[in-house]
Amino acid sequence: EALFFNFVKKKDMSNAFFNVPVAQNEPIKPYDPKSNERESLLQTYKSMKNQDPIDIPMYIGGEEVRTATKKPISPPHNHKHIIGHYNVGELEHVELAIHKALSARKKWAQTPWQERAAIFLKAAELLAGPYRDKMNAATMLCQSKNVFQAEIDAACEMIDFFRFNVQYMTKIYKEQPESAPGVWNRLEYRPLEGFVFALTPFNFTSIAANLCAAPAMMGNVIVWKPSQTQVYSAKVIMDLFKEAGLPDGVINMVTVSGRVAGEAIFNHSDFAGLHFTGSTDVFRTLWKDMANNIEKYKSYPRVVGETGGKDFVVAHPSAIPSQVATALSRGSFEFQGQKCSAASRAYVPENIWPEVKKILKEQVGSFKMGSPEDTTNFINAVIDSKSFNNIKEYIDYCKSASDAEIIIGGNCNDEIGYFVEPTVVVTTNPSFKTMVEEIFGPVLTIYVYASTDFEETLDIVDRTSQYALTGSILSQDRYAIQLATQKLENAAGNFYINDKPTGAVVGQQPFGGARGSGTNDKAGAPMNLSRWVSARTIKETFVTPQDYKYPFLG
Ligand code: NAD
């Protein structure tokens, strides 16, 4: 009893309304030649590449769990080099992870918000400092990102997610209802009653962390299945959470196949939410699985899914050719076109096409491709053999098509790494296969339209694909910008004017798309965090009536 009293007294000591630090975007380090930061990052990369093979466990309730089934981990740009292994789990491991998460839930859900905030603020500072090189190097090594692509993702965006979400969390908690005289109305933001399943893609280390951290910050417990091609940086994320003080069992990482994870999770009565980023087809399969099991769940699960894209760039006849070419060369090919936001279809008017083509050829022709260890390489490898073969099939299809022509690139070579040349296809058919389908690789298809057909072209852009993630308009004519903004209202969740369609920054351009591209809950924004709480309204009446008769009965 005395112990319990002490605990209550201690909890009651936090009786002020705290403000959290005002979130600021983490500055991007430039990694100039001869800079200390570059030296230090490349050293870390080398030592992670050459160390004894690493054995990455699952993290279940604070235990490191290993199995007899090991799968190798290799750099996509050097797939014969084995960095280490991860342990493949089975159904029982997912079930154990659910059990451990639910066991941790009571204490975590009751932990005051400022304690939860402190853990993620600490994670942000650890990542800005001692973890920066490790997180970036793991992302360069096993996801094949160049220094800059790793820095803006694994360091800056992840730090921004933690800092801004802490601020947004307090914004949500501050939202309170009106109270009429004699009454006090309150809103409480309960974590979901159960556990959240975080299912994450390979392409952004920051997304993997955020899909776990956002619901956890709001008091939820998580079972996380990372992509099998992101496990190395996933391990660094788990180390970071642990060092930041996240209690055991709050986030549990299982490395199992998607099917095995789904089988355990979607059959569990306490499944309360899905936080997914990945492809549209997988999301639709998951949605069907959840729907088929809906009677089993205690609550209707919250479903957040950010999915595929077929992101466009539209140039108006007034656009400046060098700006259009640069929006395409950066927007389509950075990180080998493996960003959900990567420009993969473009609409260029005849009048500027010769100039755009010339500059684009020069720019793409000057790209160097190879390992991220050589920092002069702008392009690295695509993620794995499956992806390589898929992209190659699309390129081969373009080679054999009568209504398309490859004007840049088109070669693939997987002897050492999964290298695909940045490829530009020009088609005379606005509904050509590669204008419509997501390829998720360095392939851009361009449709050249008659300069008088701008408005009709906008209609084509709007109806060509099932996706609506990002898109941009380049124009010097304000009326044309206005027209495109109106006509493409539902064609993109992130719409850019005179810019490339990639590179959204947390706190500045809340990110997400609609139609086939997702539920558009905007990662790194209050909209997303509010999906991970279930509000309880509390009404208290101070002078309680003692007679049923209203005055009108008199
Ligand atoms: P993916 O759909 O192949 O995989 C995502 C996750 O789902 C992985 O962990 C994978 O193992 C798992 N998975 C696959 N099949 C499953 C199944 N049947 N059951 C359960 N889990 C399953 O996606 P990816 O290749 O890792 O990532 C690329 C995709 O993600 C692209 O389509 C891209 O557009 C999309 N993406 C979207 C956004 C966004 O914000 N909209 C951001 C990043 C990536």
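Predicted model: local features only at pLDDT ≥ 70, side-chain atom pairs only at ≥ 80, totals over all residues.
Modeller: A polar contact is a pair of N or O atoms within 3.5 Å.

Biologist: How many residues surround the ligand, and which are the closest?

Modeller: The ligand is surrounded by 25 residues. Thr200, Lys225, Ser279, Thr307 and Glu438 are the closest.

Biologist: What distance separates the side chain of Glu438 from an oxygen atom of the ligand?

Modeller: An N or O atom in the Glu438 side chain is 2.7 Å from a ligand oxygen. Thr307 uses its backbone, with an N or O atom 2.8 Å from a ligand nitrogen.

Biologist: How much of the ligand does the protein bury?

Modeller: Start with the ligand alone, which exposes 840 Å². The protein buries 83% of that area. The ligand's space is the largest pocket.

Biologist: Which elements each supply at least two residues of the shell?

Modeller: Strand β10 (271-277) and helix α10 (280-292) each do. By class, the shell holds 12 nonpolar, 10 polar and 3 charged residues.

Biologist: Now the rings. How many aromatic pairs are in the whole structure?

Modeller: The search finds 19. Take Phe164 and Tyr168: their ring centres are 6.1 Å apart. Their planes meet at 40°, so this pair is tilted.

Biologist: Why are Phe164 and Tyr168 separated by about one helical turn?

Modeller: Both belong to helix α6 (residues 147-174). Phe164 and Tyr168 are 4 residues apart in that helix, so about one turn separates them.

Notes
Residues numbered from 1 in each chain as written. Heavy atoms only, no water. Near = heavy atom within 4 Å. Polar contact = N/O pair within 3.5 Å; in protein donor to acceptor, adjacent residues only side chain to side chain. Areas by Shrake-Rupley, 256 points an atom, 1.4 Å probe, with all protein chains shown as cover. 1 Å grid on protein atoms, 1.4 Å probe; cavity = no way out; pocket = protein on both sides within 12 Å on 5 of 7 lines; lining within 4 Å. Sits in = over half its atoms within 2 Å of the grid points. Nonpolar A, V, L, I, M, F, W, Y, C, P; charged D, E, K, R; others polar. Phe/Tyr/Trp six-rings, centres within 6.5 Å; stacked < 30°, edge-to-face > 60°.
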